[in-house]
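Hi everyone, thanks for coming. Let me put the sequence and the model up on the screen, and then I'll walk you through a few places in it.

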Amino acid sequence: MKRIGPGDVAVIDHQNLDRIAAEELASCGVRAVLNAAPSSDGTYPNMGPLTLVRGGVRLVDAGPELFERIADGDPVEIDGGRIAARGSQIADGRVLEAEELTLQLEAQRRRIDRAIHDFTENTMTHLREEGGLLFGTVDLPETRTRFRDRHVLIVVRGTDHVRDLRALRAYIEDVNPILVGVDGGADAIVGEGLIPDVILGDMDSAGEAALRSGAELIVHAYPDGEAPGSERLRKLGLAHTVVPSAGTSQDVAMLLAHEKGAELIVSVGAHFNLVEFLERRRNGMSSTFLTRLRIGETLVDAKGVSHLYPAR
């Protein structure tokens, strides 16, 4: 996303293309998207493909061997589902049309009960494994940022997160909350002309400008301590701390703010419904459920706050 531009063709390997990725691809101005994986496998109502096609972008499911047959930067020709590079055909894919995708989405919505059943089963299976999020066994690091008795605004890259953040401008000016960016959410903070106080996550989607903004950097590691995000920060020469924990990075950010004494936690872009969880490759919501149980009334959603602080 950070290097693609108008007129380019994006070659991706993204099963069940999610709505957020589709919106960002369309906003980059790409002419076409070639997907090496099924853009929708029918397991849940997936809005991503239809969002992309309605945005005027041709979407072609081109098969798993696509990446082996094309190199980064190659000029390509697309005629229907036929894809050619260097003068020869490399794939004969399937063009996804808006009418077909609309009918498919309606059928998926009628079959949502299966996805709900599997989602619930996975949630129950993992509740015990991630119980430390509820009982306070996560070893949270010391931070230079002081959270006690402050409002904390946590920004996650999610549905409408940029619009929701923009709607909170009056709140931010009045209250001056601590700004926490969770991975790509940090870019939204910087994009609004603000400076994040903390960036927390696995550091795969936060832009370098955000990482170099002076924010306190906290890498979310796997429970066994493995922290792939640390390698990127070391290469950039940026100091950071590591917190091993189960759950998602947004869960850890909320727990960190809560345990450090935040008066109120406002969440931007957090996931609340089944489709949003499934689009983020989440097969259950155990960590999110446990985190919200622990935080309780300290957590509110940005949309509620924006009604209390209408734009001036």
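**A walk through the model**

Let's start with N16, which is found in the loop between β1 and α1. When I say helix or strand, I mean DSSP runs, with helices being H or I of at least four residues and strands being E of at least two, numbered from the N terminus. Before going on, some housekeeping: this is a predicted model, with local features needing pLDDT of at least 70 and side-chain atom pairs counted only at pLDDT 80 or more, while totals for chains, interfaces and linings use all residues. Residues are numbered from 1 along each chain as its sequence is written, and side-chain values use heavy atoms, with hydrogens and water left out.

Back to N16. Is N16 buried or exposed? N16 is buried, at a relative accessible area of 10%; the cut-offs are under 20% for buried, over 50% for exposed and partly exposed in between, using a 1.4 Å probe and protein chains only. N16 is not a glycine, yet its phi is positive, about 55 degrees. A polar atom of the N16 side chain lies 2.8 Å from the backbone nitrogen of D41. Leaving aside residues up to four places away in sequence, N16 touches P38, S39, S40, D41, T43, Y44 and N46, where contact means heavy atoms within 4.5 Å.

There is another positive phi to show you, at R86, again a residue other than glycine, with a value near 55 degrees. R86 sits in the loop between β5 (82-85) and β6 (88-92). R86 is exposed, with 57% relative accessible area, whereas N16 is buried.

Now on to helix α1, residues 19-28. D18 caps the N-terminal end of α1, with a side-chain oxygen 3.1 Å from the backbone nitrogen of I20. For polar contacts, I use pairs of N or O atoms within 3.5 Å; within protein, one must be able to donate a hydrogen and the other to accept it, and residues adjacent in sequence count only if both atoms are side-chain atoms. Inside α1, the residues I20, A21, A22, L25 and C28 are buried. What do the buried residues of α1 pack against? They pack against β1 (9-12), β2 (32-35) and α2 (48-54). Just after α1 comes G29, with a positive phi of about 85 degrees.

Next, the sheet. Seven strands form an open sheet with parallel pairing, in the order β12-β11-β10-β9-β8-β13-β14. The edge strands, each pairing on one side only, are β12 (241-244) and β14 (299-301). From one strand to the next, the twist averages 25 degrees. Two strands count as paired if DSSP finds at least two bridges between them.

At one end of that order, four bridges join β11 (residues 216-221) to β12, and these strands run parallel. There, V219 stands opposite V242 in β12. Helix α12 (residues 249-259) packs on the sheet, touching β8 (151-156), β9 (178-182), β10 (198-201), β11, β12, β13 (264-268) and β14, and its direction makes about 135 degrees with that of β10. Axes here are lines fitted to C-alpha atoms, for helices over the stretch in contact, and angles run from 0 to 180 degrees between N-to-C directions.

Let's look at β13, where four of the five residues are buried. β8 and β13 pair in the parallel sense over five bridges, with L153 opposite V266 in β13. On to β14: β13 and β14 also pair in the parallel sense, over three bridges, and V266 stands opposite V300 in β14.

Last topic: charges. How many salt bridges does a search of the whole structure find? The search finds ten, taking a salt bridge as a side-chain nitrogen of Lys or Arg within 4 Å of a carboxyl oxygen of Asp or Glu. One of them joins R94 and E100 at 2.5 Å, N to O. R94 is partly exposed at 41%, and E100 is partly exposed at 33%.

R169 forms another with E192, the closest N and O atoms being 3.9 Å apart. This pair links distant parts of the chain, 23 residues apart: R169 is in helix α8 (residues 169-175), and E192 is in the loop between α9 (185-191) and β10. R169 is partly exposed at 29%, but E192 is buried at 15%. R166 joins in too, as R166, R169 and E192 are linked in a network of salt bridges.

That's my tour, so over to you for questions!
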